[in-house]
Amino acid sequence: MSTLKKVIWPQIILFGDSITQFAFQANGWGSEISHKLARWAKTVLPRIVPISDAPIAAVTVFFGANDCALEDKNPAQHVPLQEFTENLKDIVKYLLSVVGISNDKIIFITPPPLQEAAWEKECLLKGSALNRLNSVAGQYAQACVQAAGQSGVDVLDLWTLMQKDGQDFSVYLSDGLHLSDKGNQFVAEHLWTLLEARVTDLPFILPYWGDVDPKCPESSLLCD
(Lines give C-alpha, C1' and ligand atoms only; values in the text may rest on other atoms or scores of the structure.)
Protein backbone atom coordinates (compact mmCIF):
# COMPACT_ATOMS: atom_id res chain seq x y z
CA MET A 1 0.00 0.00 0.00
CA SER A 2 1.43 3.36 -1.03
CA THR A 3 1.99 6.16 1.46
CA LEU A 4 -0.07 9.29 0.87
CA LYS A 5 1.90 12.46 0.40
CA LYS A 6 0.85 15.04 2.97
CA VAL A 7 -0.67 18.34 1.83
CA ILE A 8 0.00 21.31 4.09
CA TRP A 9 -2.48 24.16 3.78
CA PRO A 10 -2.01 27.69 5.12
CA GLN A 11 -3.83 27.96 8.43
CA ILE A 12 -6.43 30.40 9.67
CA ILE A 13 -5.99 30.56 13.43
CA LEU A 14 -8.90 31.67 15.63
CA PHE A 15 -7.46 32.94 18.89
CA GLY A 16 -9.72 34.34 21.60
CA ASP A 17 -11.87 33.79 24.66
CA SER A 18 -15.13 31.89 25.19
CA ILE A 19 -16.81 33.55 22.19
CA THR A 20 -14.12 31.96 20.02
CA GLN A 21 -14.41 28.73 22.03
CA PHE A 22 -18.10 28.51 21.12
CA ALA A 23 -17.46 29.41 17.48
CA PHE A 24 -17.65 25.75 16.45
CA GLN A 25 -20.96 24.97 18.09
CA ALA A 26 -23.92 24.40 15.78
CA ASN A 27 -24.27 27.41 13.46
CA GLY A 28 -21.21 29.04 15.04
CA TRP A 29 -19.24 31.67 13.16
CA GLY A 30 -16.13 29.48 13.15
CA SER A 31 -18.14 26.65 11.63
CA GLU A 32 -19.43 29.00 8.95
CA ILE A 33 -15.90 30.12 8.04
CA SER A 34 -14.68 26.51 7.97
CA HIS A 35 -17.59 25.53 5.76
CA LYS A 36 -16.61 28.19 3.22
CA LEU A 37 -13.09 26.78 3.07
CA ALA A 38 -13.91 23.07 3.11
CA ARG A 39 -13.80 20.71 0.08
CA TRP A 40 -14.19 16.95 0.34
CA ALA A 41 -12.66 17.18 3.79
CA LYS A 42 -13.14 13.53 4.76
CA THR A 43 -11.44 12.29 1.59
CA VAL A 44 -8.37 14.52 1.86
CA LEU A 45 -8.03 14.38 5.66
CA PRO A 46 -5.22 11.78 5.58
CA ARG A 47 -3.18 14.19 3.50
CA ILE A 48 -3.54 17.25 5.72
CA VAL A 49 -3.11 15.88 9.25
CA PRO A 50 -0.91 16.70 11.03
CA ILE A 51 -0.43 20.34 9.96
CA SER A 52 2.51 21.19 12.19
CA ASP A 53 4.53 22.99 9.51
CA ALA A 54 1.61 24.69 7.79
CA PRO A 55 2.03 28.31 6.70
CA ILE A 56 -0.48 30.75 8.15
CA ALA A 57 -2.95 32.59 5.95
CA ALA A 58 -4.65 34.57 8.71
CA VAL A 59 -4.94 34.93 12.48
CA THR A 60 -7.95 36.37 14.29
CA VAL A 61 -7.45 37.84 17.76
CA PHE A 62 -10.78 38.06 19.58
CA PHE A 63 -10.60 39.24 23.20
CA GLY A 64 -12.29 41.79 25.43
CA ALA A 65 -15.63 40.27 26.43
CA ASN A 66 -14.08 38.83 29.61
CA ASP A 67 -11.37 41.47 30.04
CA CYS A 68 -14.00 44.21 30.34
CA ALA A 69 -15.58 42.58 33.40
CA LEU A 70 -15.95 45.14 36.19
CA GLU A 71 -13.04 44.98 38.61
CA ASP A 72 -15.18 45.29 41.75
CA LYS A 73 -17.71 42.69 40.58
CA ASN A 74 -15.50 40.17 38.77
CA PRO A 75 -11.82 40.75 39.58
CA ALA A 76 -10.83 37.26 38.43
CA GLN A 77 -11.60 38.08 34.78
CA HIS A 78 -11.02 41.83 34.77
CA VAL A 79 -8.00 43.12 32.84
CA PRO A 80 -7.27 46.85 33.13
CA LEU A 81 -7.89 48.73 29.89
CA GLN A 82 -4.26 49.79 29.42
CA GLU A 83 -3.04 46.25 30.05
CA PHE A 84 -5.63 44.92 27.59
CA THR A 85 -4.31 47.33 24.96
CA GLU A 86 -0.70 46.36 25.59
CA ASN A 87 -1.61 42.68 25.49
CA LEU A 88 -3.06 43.09 22.01
CA LYS A 89 0.04 44.89 20.81
CA ASP A 90 2.26 42.20 22.36
CA ILE A 91 0.29 39.50 20.56
CA VAL A 92 1.01 41.25 17.26
CA LYS A 93 4.71 41.60 18.13
CA TYR A 94 4.88 37.90 18.95
CA LEU A 95 3.16 36.89 15.74
CA LEU A 96 5.50 39.10 13.73
CA SER A 97 8.80 38.28 15.42
CA VAL A 98 8.38 34.69 16.62
CA VAL A 99 5.83 33.15 14.30
CA GLY A 100 7.05 35.20 11.36
CA ILE A 101 3.75 36.30 9.84
CA SER A 102 3.06 39.75 8.45
CA ASN A 103 0.67 42.44 9.73
CA ASP A 104 -1.71 41.98 6.83
CA LYS A 105 -2.56 38.46 8.02
CA ILE A 106 -3.74 39.58 11.47
CA ILE A 107 -7.34 40.56 12.22
CA PHE A 108 -8.48 41.94 15.58
CA ILE A 109 -12.12 41.43 16.56
CA THR A 110 -13.64 43.70 19.20
CA PRO A 111 -15.98 42.41 21.88
CA PRO A 112 -19.63 42.58 20.86
CA PRO A 113 -22.02 44.86 22.71
CA LEU A 114 -23.45 43.63 26.01
CA GLN A 115 -27.20 43.30 26.58
CA GLU A 116 -27.17 44.14 30.26
CA ALA A 117 -30.66 42.96 31.23
CA ALA A 118 -30.14 39.48 29.79
CA TRP A 119 -26.62 39.13 31.20
CA GLU A 120 -27.80 40.31 34.62
CA LYS A 121 -30.23 37.38 34.70
CA GLU A 122 -27.32 35.02 34.01
CA CYS A 123 -25.30 36.64 36.78
CA LEU A 124 -28.16 36.38 39.27
CA LEU A 125 -28.57 32.68 38.48
CA LYS A 126 -24.94 32.26 39.54
CA GLY A 127 -25.47 34.30 42.68
CA SER A 128 -23.66 37.45 41.61
CA ALA A 129 -24.57 40.98 40.58
CA LEU A 130 -24.30 42.35 37.04
CA ASN A 131 -20.56 42.24 36.35
CA ARG A 132 -20.31 43.93 32.95
CA LEU A 133 -21.63 47.11 31.31
CA ASN A 134 -22.14 47.80 27.63
CA SER A 135 -20.47 51.19 27.94
CA VAL A 136 -17.35 49.55 29.38
CA ALA A 137 -17.38 46.90 26.64
CA GLY A 138 -17.41 49.85 24.25
CA GLN A 139 -14.27 51.25 25.87
CA TYR A 140 -12.48 47.96 25.30
CA ALA A 141 -13.78 47.81 21.73
CA GLN A 142 -12.44 51.30 21.09
CA ALA A 143 -9.10 50.33 22.62
CA CYS A 144 -9.01 47.30 20.31
CA VAL A 145 -9.66 49.49 17.28
CA GLN A 146 -6.93 51.91 18.33
CA ALA A 147 -4.46 49.09 19.03
CA ALA A 148 -5.18 47.66 15.59
CA GLY A 149 -4.43 51.00 13.98
CA GLN A 150 -1.21 51.41 15.95
CA SER A 151 -0.14 47.87 15.09
CA GLY A 152 -1.04 48.10 11.41
CA VAL A 153 -3.57 45.27 11.44
CA ASP A 154 -7.20 44.93 10.35
CA VAL A 155 -10.06 45.08 12.82
CA LEU A 156 -13.66 43.90 12.83
CA ASP A 157 -15.52 46.25 15.19
CA LEU A 158 -18.47 44.14 16.33
CA TRP A 159 -19.42 46.52 19.12
CA THR A 160 -20.09 49.31 16.63
CA LEU A 161 -21.48 47.23 13.76
CA MET A 162 -24.03 45.37 15.88
CA GLN A 163 -25.43 48.64 17.23
CA LYS A 164 -25.34 50.53 13.92
CA ASP A 165 -28.32 52.84 13.38
CA GLY A 166 -29.68 51.96 16.80
CA GLN A 167 -30.67 48.43 15.83
CA ASP A 168 -31.72 45.89 18.45
CA PHE A 169 -28.47 44.01 18.96
CA SER A 170 -29.96 41.62 21.51
CA VAL A 171 -30.85 39.26 18.64
CA TYR A 172 -27.11 38.68 18.15
CA LEU A 173 -26.66 37.42 21.71
CA SER A 174 -27.85 34.21 23.36
CA ASP A 175 -27.49 35.31 26.98
CA GLY A 176 -26.56 38.97 26.73
CA LEU A 177 -22.84 38.18 26.30
CA HIS A 178 -22.29 35.16 24.06
CA LEU A 179 -23.38 34.98 20.45
CA SER A 180 -26.71 33.59 19.29
CA ASP A 181 -27.12 31.75 15.98
CA LYS A 182 -27.84 35.09 14.32
CA GLY A 183 -24.82 36.63 16.02
CA ASN A 184 -22.56 33.83 14.81
CA GLN A 185 -23.87 34.34 11.30
CA PHE A 186 -23.24 38.08 11.62
CA VAL A 187 -19.63 37.51 12.67
CA ALA A 188 -19.05 34.90 9.96
CA GLU A 189 -20.39 37.15 7.20
CA HIS A 190 -18.39 40.21 8.25
CA LEU A 191 -15.25 38.23 9.00
CA TRP A 192 -15.43 36.49 5.65
CA THR A 193 -15.23 39.85 3.86
CA LEU A 194 -11.83 40.29 5.52
CA LEU A 195 -10.67 36.68 5.14
CA GLU A 196 -11.73 36.20 1.53
CA ALA A 197 -9.01 38.44 0.13
CA ARG A 198 -6.45 36.53 2.16
CA VAL A 199 -7.42 33.11 0.85
CA THR A 200 -8.61 33.66 -2.72
CA ASP A 201 -5.07 34.12 -4.06
CA LEU A 202 -3.64 31.05 -2.36
CA PRO A 203 -2.24 28.48 -4.79
CA PHE A 204 -4.31 25.43 -5.68
CA ILE A 205 -2.70 22.50 -3.91
CA LEU A 206 -5.40 20.08 -4.93
CA PRO A 207 -7.26 20.05 -8.25
CA TYR A 208 -9.93 22.65 -9.00
CA TRP A 209 -13.31 21.31 -7.88
CA GLY A 210 -14.58 21.28 -11.45
CA ASP A 211 -11.79 18.90 -12.41
CA VAL A 212 -12.73 16.36 -9.73
CA ASP A 213 -14.94 13.43 -10.64
CA PRO A 214 -17.76 13.63 -8.04
CA LYS A 215 -18.45 9.91 -8.52
CA CYS A 216 -14.89 9.03 -7.58
CA PRO A 217 -13.18 12.07 -5.98
CA GLU A 218 -10.39 9.86 -4.58
CA SER A 219 -8.98 9.37 -8.08
CA SER A 220 -8.09 13.06 -8.22
CA LEU A 221 -7.75 14.10 -4.59
CA LEU A 222 -5.45 11.31 -3.44
CA CYS A 223 -3.00 11.45 -6.34
CA ASP A 224 0.13 13.60 -6.50
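Modeller: Before we start, contact here means heavy atoms within 4.5 Å. Helices (H or I, at least four residues) and strands (E, at least two) are DSSP runs, numbered from the N terminus.

Biologist: What kind of model is this?

Modeller: This is a predicted model, where local features need pLDDT of at least 70 and side-chain atom pairs count only at pLDDT 80 or more, while totals for chains, interfaces and linings use all residues. Residues are numbered from 1 along each chain as its sequence is written, and side-chain values use heavy atoms, with hydrogens and water left out.

Biologist: OK, α6. Which residues of α6 are buried?

Modeller: Buried means under 20% relative accessible area, exposed over 50%, and partly exposed in between (1.4 Å probe, protein chains only). The buried residues of α6 include Val136, Ala137, Tyr140, Ala141, Cys144 and Ala148.

Biologist: And what covers the buried residues of α6?

Modeller: The cover includes helices α4 (81-99), α5 (116-125) and α7, plus strands β3 (106-109) and β4 (154-156).

Biologist: What comes just after α6?

Modeller: Gly152, with a positive phi of about 70°.

Biologist: Switching to the core. How many residues has the largest nonpolar core?

Modeller: It has 29 residues, and those with the most contacts inside it include Trp29, Ile109, Met162 and Leu195. Helix α8 gives the most to this core, with eight residues. By nonpolar core I mean a set of buried Ala, Val, Leu, Ile, Met, Phe, Trp, Tyr and Cys residues joined through side-chain atoms within 4.5 Å.

Biologist: What is Met162 in contact with?

Modeller: Leaving aside neighbours within four places in sequence, Met162 is in contact with residues including Pro112, Pro113, Phe169, Leu179 and Phe186.

Biologist: Now Arg132. Where is Arg132 found?

Modeller: In the loop between α5 and α6. Arg132 is buried yet has no salt bridge, and Asp17, the nearest side chain of opposite charge, is 7.4 Å away. A salt bridge is a side-chain nitrogen of Lys or Arg within 4 Å of a carboxyl oxygen of Asp or Glu. For charge, Lys and Arg count as positive and Asp and Glu as negative; His and the chain ends are not counted.

Biologist: Which side chain makes a polar contact with the side chain of Arg132?

Modeller: That of Asn66, at 2.9 Å. The side chain of Asn131 makes a polar contact with Arg132 too, at 2.9 Å. A polar contact is a pair of N or O atoms within 3.5 Å; within protein, one must be able to donate a hydrogen and the other to accept it, and residues adjacent in sequence count only if both atoms are side-chain atoms.
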